[in-house]
Amino acid sequence: MESSNTDPWSIGNNAALTKSLVTPYSGAACLRVAYGGVANPSAYQVVCTAGKRYRISGAARGNGSYYPYVADTTGAAMWIGTTSTSWQPFSVDVTMTQTQVKLFSNANAVGYCEFDNMSVVEMRSRTLDASGRGNNLTLGDGSTVITLPTKLSARGYSLDGGDRFQAAP
């Protein structure tokens with residue numbers, strides 16, 4: 001959110017987009033999405049591919065009257081904050097049905113919400129064929145680094161080459 005202007009963002013519902021330098025969550029500025037004459041103003045970017053899974057994270061805050069929320073192109077909420085003026089960190093994992101991530105304020109009169117530290121990361125599954133016979137196993141959420149089974153022994157799978165095994169029934 002450190003761009004000096006709002007050019008990377010498109011306007012939804014006649015939003016008034018500005019950069020706020022007043023206590024951003026991190027860095028020097030945050031994105032303010034303000035009422036511009038139409039209810040539920042938003043800022044959005046086309047950053048996703050429909051059908052793929054993403055982790056959308058960041059922080060948002062209301063202005064005491066209106067709450068922030070993150071939604072897709074249709075307006076279906078993926079995360080809803082509160083009207084609190086304190087920063088509310090969030091992280092949601094979603095399979096996108098649309099290509100846009102929209103940052104909304106539910107303002108229906110003069111007011112705003114702010115967003116900062118936004119990230120959209122595609123989650124890729126991790127597979128391993130420990131058997132050598134085409135038996136793939138997918139573990140984890142696709143973005144967390146995990147230790148996959150590496151060796152089959154008489155007592156089960158070794159997770160790290162150490163002596164930790166789960167016996168199969």
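**Salt bridges and strand pairing in the predicted model**

E114 is buried (under 20% relative accessible area, where exposed means over 50% and partly exposed in between, with a 1.4 Å probe and protein chains only), its relative accessible area being 2%. The structure is a predicted model, in which local features need pLDDT of at least 70 and side-chain atom pairs count only at pLDDT 80 or more, while totals for chains, interfaces and linings use all residues. Residues are numbered from 1 along each chain as its sequence is written, and side-chain values use heavy atoms, with hydrogens and water left out.

Side chains of opposite charge can pair when their charged atoms come close. With a salt bridge taken as a side-chain nitrogen of Lys or Arg within 4 Å of a carboxyl oxygen of Asp or Glu, the count comes to four. One of them joins E114 to R32, with the closest N and O atoms 2.7 Å apart. This pair links distant parts of the chain, since E114 belongs to strand β10 (residues 112–122) and R32 to strand β3 (residues 30–34), 82 residues apart. Strands here are DSSP runs of E with at least two residues, and helices are runs of H or I with at least four, numbered from the N terminus. R32 is partly exposed, at a relative accessible area of 22%.

E114 also forms a salt bridge with R61, again described by its closest N and O atoms, which are 2.7 Å apart. R61 lies in strand β5 and E114 in strand β10, so this pair ties together parts that are 53 residues apart in sequence. R61 and E114 are both buried. Through shared partners, the salt bridges join R32, R61 and E114 into one network.

A further salt bridge brings together the side chains of D93 and R55, at 2.7 Å from N to O. Here too the pair links distant parts of the chain: D93 is in strand β8 (residues 88–95) and R55 in strand β5 (residues 53–61), 38 residues apart. D93 is partly exposed with a relative accessible area of 31%, and R55 counts as partly exposed at 21% relative accessibility.

Attention now turns to strand β6. In a regular strand the side chains alternate between the two faces of the sheet. Strand β6 (residues 68–71) is covered on both faces, with P68 and V70 buried on one side and Y69 and A71 buried on the other. Two strands pair if DSSP finds at least two bridges between them. β6 pairs with β9 in the antiparallel sense over four bridges, and F104 in β9 is the bridge partner of Y69. β6 is also joined to strand β7 (residues 77–80) by three bridges, again antiparallel, and in β7 it is I80 that stands opposite Y69. The hairpin of β6 and β7 has five residues between the strands, and within this hairpin G75 takes a positive phi near 95°.

Q100 lies in strand β9 (residues 100–105) and is buried, with a relative accessible area of 14%. Leaving aside neighbours within four places in sequence, Q100 is in contact (heavy atoms within 4.5 Å) with Y44, Q45, V46, A71, D72 and T73.

Cysteines complete the account. C30 counts as buried at 0% relative accessibility, as does C48 at 7%. With a disulfide defined as a pair of cysteine sulfur atoms within 2.5 Å, the count of disulfides comes to zero.
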